[in-house]
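This report describes a protein model with reference to the sequence and coordinates shown next.

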Amino acid sequence: MAMAKETVLSVQGLKKTIGRKPIIHEVSFEVYVGEIFGFLGPNGSGKTTTIRMLVDLIKPSAGKITVCGEDIGIHPERALAHIGCIVENPEMYGFMTGWENLEHFARMQDGITKDRITEVVEIVGLDQRIHDKVKTYSLGMRQRLGIAQALLGKPKLLILDEPTNGLDPKGIKELREFIRKLAESGMSLFISSHLLSEIQLMCDRVAIIAHGAVIAVGEVDELVSQAATYTVWQVNLPQDARVMLANHSDILVITDNEHQIDESLLTTLHDPIITIMDESLISTMVNKFVASGISIHSVQRVAPSLEELFLKLTEGDKID
Amino acid sequence: MTNMLALIQNEMLKVWKKKRFAVVVLILLILIPIFVYAQMKIAQNTTEKFNADWRSELQSRITDNTNALSSDRIPEEWKKWRRALVQQLQYYLDHDINPQTPNAVTFTRTFMDNSVSLFIPLMVLAIASDLVSSERSTGTIKMLLTRPVRRWRILFAKLSALTLYVSLIVITTALLCYLISGLVFGYKGWEEPVFVGFMVQGADVDTTGVHAVTQGVYLLMQSGLIWFSAMIVAIIALMISVLVRSTAASFVTMMATIIAGTILSSMASSWTSAKYLFNVNLELSSYLRGTPPPVEGMSLGFSLVILGLWGVAALIVSFTVFTKQDILN
């Protein structure tokens, strides 16, 4: 299906050396029309450097970036006309109002009318405060203004760098819905994050970057399924249950220090037994526990952390 | 492609909204009355001393300087300067012209002469220093440079806006001087003659080229020269602003350079290659007055060429760095 799609952004063999230090070794991927593309990597993996190269803030040492067929190294102004972006924080001029900021950036591109400014302000829902000075805005409002700015020129590709940073849960949920809506209208989105859960919730496809190189590109679900999903049990007699689980040949019980689950997820779980097992075995085990008089408080599947996915992916590389 | 005028409008607007120009005007509104008051006191003083007889004042200045010339303790360089000054004063006396007539135009002329070395550059720096560096330190450069506009066009727009503001500063300074001092000294004096064309050659003032122009014309010539030296300061400040990320660092660097220039000028002379430094050449309007230059062999033409070369070099560096630079943070 993806093969038939039109490519909006194509990155081939991107490299960047700063001083003598190679920062980006090898980055290649493609983003298609109307998809939400995730760019996943831990902090310091070269995510931001790559994004800056996509929008011509940093010149690549080698490689080629084309946006809608325009090479950004040759005609940056043509390529950038198709891109709307927020790199890191949405910094705007604090001494001007939101409206003045939008007017400022509208003047930098042909054919953006006053009506278009009004339109984007409505899209991001900032109409109430648009005539206030930006320095009085909250981070969430700055984020909206940044998105409004990025949407001004009706871009084909919207690049958002860690867009959920600093947003509250409600803001994050709204942002997710907003991003879906934009993708449905035919726009492609490129979203970077260091949180796997974030990417899982938002994106169709993902490129995973570590130590300056893309280690995997593919459908999000496909990649995530490569890493083990944990099954976490909570019962009234954890010792007995642990022995019973350990005795089953297809179940692996993980000791406390070996798992790679986000600590934040585990704090709410009291006395968990962490296992790796197939879904089909869960009901078998539930029946066994009930038969032995162990009562079950909860059973849940916990997604692996990004670290684990990395471990899995890099391990895979070594075996191949 | 995007309209260059729209880009210049953006840059003008940002400086305006930052209220930088308002600060400049405010400083002028506070400082000029102080100097007007000081000038008024001086005028009152001389009137009391010489019963308003400017001829005797002029004569006494000539006598003072001539006496100083015969003293052994005064170094040769000072003597040169004094000899030139005596010749000039004698010229005014012989032609029955009072060079000290206080009026709004004279005051403006004197104020502008004195502000060219420090005051005007300071006001120019208030605007030029953070033109690029503030975009970098606040992070707005990431929005600015990811819009579909070539980088050189953005810097060119900034340079154009800077040129307009420098012009505005020179005009506003002159205008406010005239308007405020006129309240005290009266608004006359445009038609009064001033002598230009003194050529200082070593110890002699060559008066063959001397001719009278009206003060109005003189003010125009002077303002033009001040504008030129202010533009060079602005262009070099723009370069520093491109090279340095911090606005404070860029301002301090430039200010230190300018002040070093005035100190070097007053140290006068044994180090002759100092004349190739831009900051020693900024006092262009002193050539009009016939004041001996800080280093021998400097002339109006020489200074214009040196300043011009510095300006061109600074522009080349600014544009090269700005268009190639990686924005890493």
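## Basis

This is a predicted model, in which local features need pLDDT of at least 70 and side-chain atom pairs count only at pLDDT 80 or more, while totals for chains, interfaces and linings use all residues. Residues are numbered from 1 along each chain as its sequence is written, and chains are lettered from A and ligands numbered from 1 in the order in which they are written.

## Chain A overall

Chain A contains twelve helices and 14 strands; helices (H or I, at least four residues) and strands (E, at least two) are DSSP runs, numbered from the N terminus. The C-alpha trace of chain A spans about 75 × 45 × 40 Å along its principal axes.

Of the 320 residues in chain A, 41% are buried. A residue is buried if 20 or more other C-beta atoms, placed from the backbone, lie within 10 Å of its own, exposed if 12 or fewer, and partly exposed in between. Among contacts in chain A between residues at least 6 apart in sequence, 74% join residues at least 24 apart; a contact requires C-beta atoms, placed from the backbone, within 7 Å.

Strand β6(A), residues 83–86, is covered on both faces. I83(A) and C85(A) are buried on one side, and G84(A) and I86(A) are buried on the other. In a regular strand the side chains alternate between the two faces of the sheet.

β6(A) pairs in the parallel sense with β7(A), residues 157–161, over four bridges; pairing requires at least two DSSP bridges between two strands. G84(A) has L158(A) in β7(A) as its bridge partner.

An open, antiparallel sheet of chain A has four strands in the order β12-β13-β11-β14. β12 (252–254) and β14 (296–302) of chain A are at the edges with a single partner strand each, so one side of each has no neighbour in the sheet. Neighbouring strands of this sheet are turned by 30° against each other on average, direction ignored.

Within the sheet, β11(A) (residues 230–235) and β13(A) (residues 273–276) run antiparallel and are joined by three bridges. V232(A) stands opposite I274(A) in β13(A). Helix α9(A), residues 238–247, lies across β11, β12 and β13 of chain A, at about 10° to β13(A). Axes are lines fitted to C-alpha atoms, for helices over the stretch in contact, and angles run from 0 to 180 degrees between N-to-C directions.

## Contact between chains A and B

Chain A gives 24 residues to the contact and chain B gives 22 residues. On the chain A side, α2 (76–80) and α3 (98–106) each supply at least two residues.

Note on methods: Two residues are in contact if their C-beta atoms, placed from the backbone, lie within 7 Å.
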